[in-house]
Amino acid sequence: MRVAIVGCGVIGGILARAIDEGRAGDVELVYLFDLDGEKARRLADSLKRRVRVAGSIDEIVRDEAVNLVVEAAAPSAVKEYGEKVLMAGKDLMVLSVGAFHDQELYDRIVEILRERDVHVYIPSGAISGLDAVKAAAMEELEVVELVTRKPPRAFKGNRYVESKGIDLDKVTRPTVLFEGSAREAAPLFPKGINVALSLSLAGIGADRTKVKVIADPTINRNVHEIHAKGSFGRLLCVTHNYPSPENPETSYLAALSAVRTLRNLTEKLRIGT
């Protein structure tokens, strides 16, 4: 399988190095692309195997040798490039799944998938329990809720938090920053709450999936709790993530999940729902 990575930040870099070291299965990294071309070149130079740095997304789309494009950039990249990639006959792995809070975009993607022999892959990201929610959704699911706790520093620079006048340096006890639906949460926390949309797609949808976001100065890692109730029973799944040292908004497990998803695509024995 020949792969292009769009976005050379924290997760894109971890994924590129995993491919380079042979930890992502029978995969060849063909292209790197980033709007910051120098960032892509630095990453390419750090790898043992030669990788081309694309000058544009069109260069990747036109190359028939590329089988899969991994989006590791931002929700805006999914909106700008996602349909173009699929229409070119290439599969797409989406890490910025928060882009799918836009129902029209999601519907257009689904329509392309119906009409063409292409696929979209969405890793589990920084949460556990997604397989159980997917299975439970085969019958009635009454409640699905995500409660996310992160150290206050993880929300530095977030425009929504700034608009609320919250001084994160002065948060001394757990403080609720947001409570509402997954669809509402996704655009407000575009870098840190992608898991809310992954959970909603696996379960009862973005409008019915509830989200609570908490800045918690008593913890030093990202914590995601999934609460679900339905005809299957009840589920409580808690994941304590170490944040990436390069970006405290990014959980290390999110990057590992992308590597594992890529590896799954080249393996004949697959475990889990």
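Mentor: A patch consists of residues with over 30% relative accessible area and no salt bridge, joined within 9 Å for like charges or within 5 Å for nonpolar side chains (Val, Leu, Ile, Met, Phe, Trp, Tyr); a salt bridge is a Lys or Arg side-chain nitrogen within 4 Å of an Asp or Glu carboxyl oxygen. The model is predicted, with local features requiring pLDDT of at least 70 and side-chain atom pairs pLDDT 80 or more, whereas totals for chains, interfaces and linings use all residues. Numbering starts from 1 along each chain as its sequence is written, and side-chain values use heavy atoms, without hydrogens and water.

One such nonpolar surface patch comprises Y252, L253 and L256, which together have about 250 Å² of accessible area (Shrake-Rupley, 1.4 Å probe, only the protein chains shown counting as cover). L253 belongs to helix α10, residues 252-264 (DSSP runs: helices H or I, at least four residues; strands E, at least two; numbered from the N terminus). Because its relative accessibility is 31%, L253 counts as partly exposed, the class between buried (under 20%) and exposed (over 50%).

Strand β5, residues 91-94, is covered on both faces: D91 and M93 are buried on one side, L92 and V94 on the other. Four bridges pair β5 in the parallel sense with β4, residues 68-71 (pairing takes at least two DSSP bridges), and L68 stands opposite D91. Strand β6, residues 120-121, runs parallel to β5 and is joined to it by two bridges; V120 is the bridge partner of L92. With helix α5, residues 103-115, β5 and β6 form a right-handed β-α-β unit.

How values were computed. Buried means under 20% relative accessible area, exposed over 50%, partly exposed in between (1.4 Å probe, protein chains only). A crossover is right-handed if, with the strands pointing away from the viewer, the path from the first strand over the helix to the second runs clockwise.
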